[in-house]
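Let's take a friendly walk through this structure together. Have the sequence and the 3D view at hand, and follow along one residue at a time.

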Amino acid sequence: MASPQPFALTASAIAAQVRAQDASAVEICEFYVKRTAAHAQTLNTHLFFDADDVKAQARAIDQRVRSGETLPLAGVPVVVKDNISTKGVPTTCGSKILAGFRPPYDAHVVERLRAAGAVIFAKANCDEFAMGSSNENSAYGVVKNPWNINCVPGGSSGGSAAAVAADLAPIALGSDTGGSIRQPAALCGVAGLKPTYGRVSRYGLVAYGSSLDQIGPMARTVQDIALVTDVISGHDGRDSTSSKLAATELASALKPGESVRGLKIGLVREFFGEGMDQATRAAVTAAIETYKSLGAVVEELSLPALKYSIAAYYILATAEASANLARFDGVRYGHRHQEPGMSLKSMYRKSRSAGFGREVKQRIMLGTFALSSGYYDAYYAKANRARQTIANDFARAFQQVDLLVSPTSPTVAFKIGEKSQDPLAMYLADICTIAANLAGLPGISIPCGADPQGLPIGLQLMAPQFAEEKLLKGAYAYEQASQWHQRHPSL
């Protein structure tokens with residue numbers, strides 16, 4: 001094959017070429033190995049990368065193709081967020097407490113990717129235990145935004161987003177608890193999908209907030225998002241929250257030129273309040289005008305309960321985190337503090353004190369307080385009631401419209417260190433994305449503009465539960481009518 005050019009290959013094109021044997025998986029991987037060698041260290045996107053293992057996987061895939069297997073993701077390199085288990089490959093969750101831990105099994109999504117012919121290319125840096133909105137909370141250093149290395153990539157899936165934006169791989173997996181796929185996708189100028197809760201198995205995902213977490217893909221095009229979602233979705237009996245629905249068939253449903261005339265899109269008034277920067281407001285407004293020009297019907301509506309979303313989310317998520325992270329105690333796996341004559345209680349305390357970072361400790365303490373005797377009803381139970389009220393507001397909205405639209409993030413990527421000493425300002429970076437997790441809805445971020453400095457701006461679309469086809473068709477229509485997804489950083 002001719003030597004690939006940066007930003008020219010999509011996952012769909014790679015898979016088609018490898019299946020037709022017009023290109024080999026080895027050739028594709030050699031290209032991305034060179035890209036990784038040139039840029040991954042500068043951006044700090046990868047926590048684990050083994051070029052020899054990548055090439056060995058590629059050779060095995062080429063053999064499978066020659067033997068007649070039909071592989072939907074033949075030869076496609078995929079970067080996997082480091083809180084998703086990979087058999088025999090380090091999975092640290094960006095934390096010192098799991099330094100060197102190699103799981104004995106693959107996550108469900110990794111099994112599906114391998115079966116489909118994908119190459120598990122690298123493990124992506126992330127905020128520690130997926131707790132953060134900027135990727136500044138990783139124990140292994142800050143990830144840098146490929147558009148401006150002085151800016152954050154968003155979080156917690158910042159390494160995944162930055163890797164796709166820099167074309168270190170055409171696909172990456174992230175996890176989204178309160179916007180951790182969509183927000184970094186917006187800040188890095190790529191597409192990112194949070195599927196409906198239960199659409200993709202969480203088996204093998206290291207839990208942060210179990211009732212909120214969802215694995216999803218990041219890519220440069222909506223077509224590639226659809227392709228990967230078809231592979232990783234579907235029922236998994238090992239996850240009690242996994243939907244019984246079959247895997248999606250989104251890639252075949254996206255047809256170029258398909259009209260969205262008559263599609264009803266709701267503009268959520270509460271997402272356009274104070275705190276949104278001027279460039280973001282202008283870009284999202286222009287995107288809405290594009291939908292109108294395509295024949296969609298846009299109407300403004302209100303979701304009053306959204307004002308409770310930040311408070312409800314940070315009570316529920318931290319409460320679940322305090323329970324989920326209790327298992328990291330220095331006994332079974334991960335970091336253990338060693339000291340002669342130390343008691344078991346002292347070993348627990350010192351192992352966790354040294355192993356966990358500041359943000360993780362802060363959230364564990366907040367969650368433990370919310371669940372403690374005398375405060376459970378005042379905080380956790382009340383937050384659950386607020387969550388249901390938010391879900392009810394969404395249900396009423398979707399009786400009127402097909403999709404909801406908002407900015408993905410109220411601002412473009414901010415400078416590294418700018419918000420790290422202001423937790424409230426950092427938490428508000430997810431103000432547009434959190435509600436979809438509370439209600440279990442699918443949401444996607446797609447590029448829709450740039451600020452005067454060239455930093456990307458994202459448009460968020462949300463749909464009713466399990467309406468990923470409608471969601472991606474709406475996103476695909478905008479993508480075809482714009483050129484923002486074709487922009488890329490100068491790397």
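Y333 is partly exposed, with a relative accessible area of 29%; buried means under 20% relative accessible area, exposed over 50%, and partly exposed in between, using a 1.4 Å probe and protein chains only. The model is predicted, so local features need pLDDT of at least 70 and side-chain atom pairs count only at pLDDT 80 or more, while totals for chains, interfaces and linings use all residues. Residues are numbered from 1 along each chain as its sequence is written, and side-chain values use heavy atoms, with hydrogens and water left out.

Now look for the rings. A search of the whole structure finds 15 aromatic pairs; rings of Phe, Tyr and Trp (its six-membered ring) pair if their centres lie within 6.5 Å, and planes under 30 degrees apart count as stacked, over 60 as edge-to-face and the rest as tilted. One of these pairs joins F101 and Y333, and it is tilted, at 5.3 Å centre to centre with 35 degrees between the planes. F101 lies in the loop between β2 and α4 and Y333 in the loop between α9 (309-324) and α10 (344-355), so the pair ties together parts that are 232 residues apart in sequence. Helices (H or I, at least four residues) and strands (E, at least two) are DSSP runs, numbered from the N terminus. F101 counts as partly exposed, at 23% relative accessibility.

Another tilted pair is formed by F129 and F328, 4.9 Å centre to centre and with 55 degrees between the planes. Here F129 sits in the loop between β3 (119-124) and α5 (158-165) and F328 in the loop between α9 and α10, 199 residues apart. Both F129 and F328 are buried. Together with F356, the residues F101, F129, F328 and Y333 form one aromatic cluster.

Next, turn to N83, in the loop between β2 (77-81) and α4 (108-115). N83 is buried, with a relative accessible area of 2%. Its side chain makes a polar contact with the side chain of S175 at 3.0 Å; a polar contact is a pair of N or O atoms within 3.5 Å, where, within protein, one must be able to donate a hydrogen and the other to accept it, and residues adjacent in sequence count only if both atoms are side-chain atoms.

Last, find D451, in the loop between β10 (443-450) and β11 (456-462). The side chain of D451 reaches the backbone nitrogen of Q453 at 2.9 Å.
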